[in-house]
Amino acid sequence: MSTSDAKRRFLKRARNYGFASAFLLLFHLVYQIFAHGVDSPYMTFAFLIPLVGGVAVELGFLFLPAPGEVGLAVWPMGIATIATGSVLHGVFDIYGGSSDLVNVFFAAGALLILAASVLYAITLVRSRRRP
Amino acid sequence: MPVGPKRLLPYIAGFYALLFLFTTFTLLYEFVIPHGGIVITDPVFTTTITVPTTTADPITGPIGTGTTTEPVVTTTDPGLVYPGEVPAALLGGTVLGTYENENVLITLYQIRASNSDVYVADVVTTDGSQILAALAFNTFGGTNIVQTVSTMAEDHDAIFAINSDYASHYDYGYVIRNGMILRTSASYRDCVVLNADGTVAFHTEEETPLQSIVDDGAWQLWSFGPVIVRDGVSVASVNDGLARDAVNNPRSGFGAVSANHFMFVTVDGRTDASHGADIEEFADIMLLVGCTQAYNFDGGGSATMWFDGAVVNNPSEGTERKVGDCVYIRR
C-alpha cells in the first residue's frame with residue numbers, strides 16, 4: 001500500500017470514528033428528552049470515546065508508523081466495547097439502577113485496547129530492527 | 001506473512017455480532033427478564049391483639065439462605081376518634097372517599113398544590129401494624145419481579161394502597177416488611193421506620209445498627225428518601241445531589257402528623273394539568289397537610305394511589321407502572 005493510500009485509509013477511518021462520535025452525541029441529546037431531567041456523565045460524555053480514542057488516534061497515524069492489520073482491527077473493537085459500556089452505564093444511571101454486567105464491557109474493552117497497544121509496540125520494535 | 005484485512009473480516013464480523021448479542025442480553029436481563037428473589041409469607045391475621053412480637057431471623061447470607069417466620073398481627077380495641085382538627089388545606093379539597101372499621105379511619109382527599117393534582121389519604125389507626133406492606137408476587141430481592149399497585153392491593157384484600165420504596169430496585173439498604181427483616185446491609189440513605197406502636201423515626205443507615213431499630217419495635221422500614229420534613233420543618237433541598245429531586249416530577253410520600261395519624265400523598269405530574277413537584281415543593285405539600293415528619297417514596301411513573309378498587313391519581317405514563325412493592329391497608 002502506498003503512503004498516500006495509507007493516509008487515505010487513516011483519514012477514512014477517522015471519518016468513520018467521527019460519525020460514531022456524532023451518533024453518540026445525538027443519541028445522548030435525544031435520550032435526554034425522555035430522561036425527565038436526570039442525566040449521567042457516562043451518557044453525556046460517551047461521544048468522547050470514539051472522538052479521542054478514534055479520530056485523534058487515526059489522525060496520529062498520519063505522522064506515526066502504521067500499525068499492523070490485526071492491531072488496526074482490534075483497536076476499534078475496544079473503542080466500540082467501551083463506548084457501548086458507557087452508554088449502558090448511562091442508561092442504568094438515568095433509570096436509577098445499576099448493573100454488574102456493565103463492568104464486563106469496560107473490562108473487555110480495556111483488554112482489547114491493551115492488546116492492540118501491545119501489538120503496535122511489537123510492530124514498532126520489529127520495524128526498527130529491520131535494516 | 002502479514003495478515004490481510006480480508007482474512008480478518010469473519011473475525012471482525014463475529015466480534016461485533018457478539019457485542020450486539022451481549023448488549024441485547026444485558027438490557028433484557030436488567031429490564032425484562034424476572035429473576036432472583038425469595039418468596040415472603042404474608043402476616044397471619046387473628047382476632048386477638050397485641051403488638052407483633054415475632055420477627056424473622058436476620059438474613060445475613062446470600063438471599064435465600066435465611067428463613068422467614070409468619071409475624072402475627074392482631075386487631076385492637078374498637079373506637080377511633082380523629083385526633084385534632086382536619087388541616088385547612090384538606091377541608092378546602094374534595095373528598096373522594098372514606099372508609100372506617102374498628103382499626104382504621106381513612107379519608108381520601110384531592111387538593112390542588114404546586115400546579116398539580118394532589119391526592120391525600122388521611123389515615124388514623126389504632127396501631128402501626130395496620131399499615132401493611134405487599135411485595136410483587138410476594139417476592140423480595142429479585143429483578144424485574146413487579147406488579148401494579150392495584151394488582152397487589154386486590155391480591156391482599158386492601159382498601160387503600162400506594163407505591164412505596166421499590167426496595168428490590170437497590171442492591172443494599174435495610175428492609176423490614178411487616179416486622180420481617182429482609183435485608184441487613186446498610187446503604188448511604190436515610191430510612192424511615194414505622195414502629196408497631198404507631199410512632200415514626202428516621203435513621204441514617206450507616207450510623208444506626210439494624211438491631212437497634214428492631215429493638216425499638218420496627219414494623220416497616222422504607223429506604224428511598226430523602227427525609228423531607230423533620231419535626232415540623234422542611235429539610236428538603238433541590239441541591240441534595242439527586243437530579244430527580246431538583247426536577248418537577250410525580251411524587252409519592254409518607255408522612256406522620258402524630259403517632260398513629262398518617263398522611264399518604266401522591267402528586268400527579270409530567271402532564272399539562274399537573275406539573276409535578278420538586279422535592280422542596282413536595283415537602284411544602286406535606287407540611288400543608290399537617291405532617292410533622294415526612295419521607296419521599298419512589299415517584300415518577302411509579303407514583304400510584306389506589307382506593308377501594310380503583311387508581312385515584314393519574315399515573316404519568318397513562319397507565320399504572322409495575323413496581324416492586326406497595327403499602328396497603330387491609331379491609
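Modeller: Buried means under 20% relative accessible area, exposed over 50%, and partly exposed in between, with a 1.4 Å probe and protein chains only. By that rule Arg177(B) is buried, because its relative accessibility is 2%. This is a predicted model, where local features need pLDDT of at least 70 and side-chain atom pairs count only at pLDDT 80 or more, while totals for chains, interfaces and linings use all residues. Residues are numbered from 1 along each chain as its sequence is written, chains are lettered from A in the order in which they are written, and side-chain values use heavy atoms, with hydrogens and water left out.

Colleague: Okay, which residues does Arg177(B) form a salt bridge with?

Modeller: Side chains of opposite charge can pair when their charged atoms come close. The rule wants a side-chain nitrogen of Lys or Arg within 4 Å of a carboxyl oxygen of Asp or Glu. Arg177(B) pairs with Asp165(B), closest N and O atoms 2.4 Å apart, and with Asp325(B) at 3.7 Å. Asp165(B) is buried, and so is Asp325(B), because its relative accessibility is 1%.

Colleague: Where in the chain do Asp325(B) and Arg177(B) sit?

Modeller: Strands are DSSP runs of E, at least two residues, and helices runs of H or I, at least four, numbered from the N terminus. Asp325(B) is in strand β22 (residues 325-330) and Arg177(B) in strand β10, 148 residues apart.
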